[in-house]
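Please read each point with the structure open beside it.

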Amino acid sequence: MGFLDHRGPQLRALLRIMAALLFMEHGLMKLFAFPGVQPGAPSPLPMILVVAAVIEIGGGALIALGLFTRLAAFLCAGQMAVAYFLAHGSKGFWPGLNGGDAAILFCFIFLYIAAAGPGAWSVDGMRGGKR
């Protein structure tokens, strides 16, 4: 696909931004019921879910902006690994059946971003933080 050959940084940026915005939505649903209440979330939220929501909103915002991207993405990947094993893995082996497929995808997307960097259109890139 020749037209994509030189678009790696822009496509990585699109992946970073879209994954981060979707990740933020999970935190916003937990803390503020926006755009709606997160299905299955208990009320009131236990402290572990409040902390998860803060990481999802704050980490997602940093990743979307491309600010401290590698560190934020690594932290968010770790949170998703923990979330998978605490909330989903105990419900069975298959991610499609235990509801953990999104957690696995977020984990590996953020792990990739932590390793590969933010791509184009990032604050880190403007600050000279790309390697």
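Which residues have the most contacts inside the largest nonpolar core?

1. The basis of the note. This is a predicted model, in which local features need pLDDT of at least 70 and side-chain atom pairs count only at pLDDT 80 or more, while totals for chains, interfaces and linings use all residues. Residues are numbered from 1 along each chain as its sequence is written, and side-chain values use heavy atoms, with hydrogens and water left out.

2. The core. The largest nonpolar core contains 17 residues, and those with the most contacts inside it are Phe 23, Ile 63, Ala 73, Cys 76, Met 80, Phe 106 and Phe 110. At least two residues of this core come from each of α1 (8-32), α2 (47-65), α3 (69-88) and α5 (101-116). A nonpolar core here is a set of buried Ala, Val, Leu, Ile, Met, Phe, Trp, Tyr and Cys residues joined through side-chain atoms within 4.5 Å; buried means under 20% relative accessible area, exposed over 50%, and partly exposed in between, with a 1.4 Å probe and protein chains only. Helices are DSSP runs (H or I, at least four residues), numbered from the N terminus.

3. Phe 110. Apart from its neighbours within four places in sequence, Phe 110 is in contact (heavy atoms within 4.5 Å) with Ala 19, Ala 20, Phe 23, Ile 63, Ala 73, Cys 76 and Ala 77.

4. The pairing of α1 with α2. The axes of these helices come within 7 Å and cross at roughly 150 degrees, the axes being lines fitted to C-alpha atoms over the stretch in contact, with angles from 0 to 180 degrees between N-to-C directions. α1 and α2 are therefore roughly antiparallel to each other, a term used for angles over 145 degrees. Their crossing is left-handed, in that the near helix is turned anticlockwise from the far one by less than a right angle. By class, this contact has 18 nonpolar, 3 polar and 3 charged residues, where Ala, Val, Leu, Ile, Met, Phe, Trp, Tyr, Cys and Pro count as nonpolar, Asp, Glu, Lys and Arg as charged, and the others, Gly among them, as polar.

5. The pairing of α2 with α3. Here the axes come within 9 Å and cross at roughly 145 degrees, and the crossing is again left-handed. The residues in contact divide into 11 nonpolar, 4 polar and 1 charged.

6. Gln 79. This residue of α3 is buried, with a relative accessible area of 11%. Neighbours within four places in sequence aside, Gln 79 is in contact with Phe 23, Ala 52, Ile 55 and Glu 56.

7. Asn 98. Helix α4 (residues 95-98) includes Asn 98, which counts as buried at 4% relative accessibility. Not counting residues up to four places away in sequence, Asn 98 touches Tyr 84, His 88, Gly 89, Lys 91, Gly 92 and Phe 93.

8. His 26, in α1, counts as partly exposed at 27% relative accessibility, and, leaving aside neighbours within four places in sequence, is in contact with Gln 38, Glu 56 and Phe 106. Between His 26 and Val 37, 11 residues apart in sequence, the C-alpha to C-alpha separation is 9.5 Å. Val 82, in α3, counts as partly exposed at 48% relative accessibility; Val 82 and Ala 103 are 21 residues apart in sequence and 9.2 Å apart in space, C-alpha to C-alpha.

How values were computed: Angles under 35 degrees count as roughly parallel, over 145 as roughly antiparallel, 65 to 115 as roughly perpendicular and the rest as oblique.
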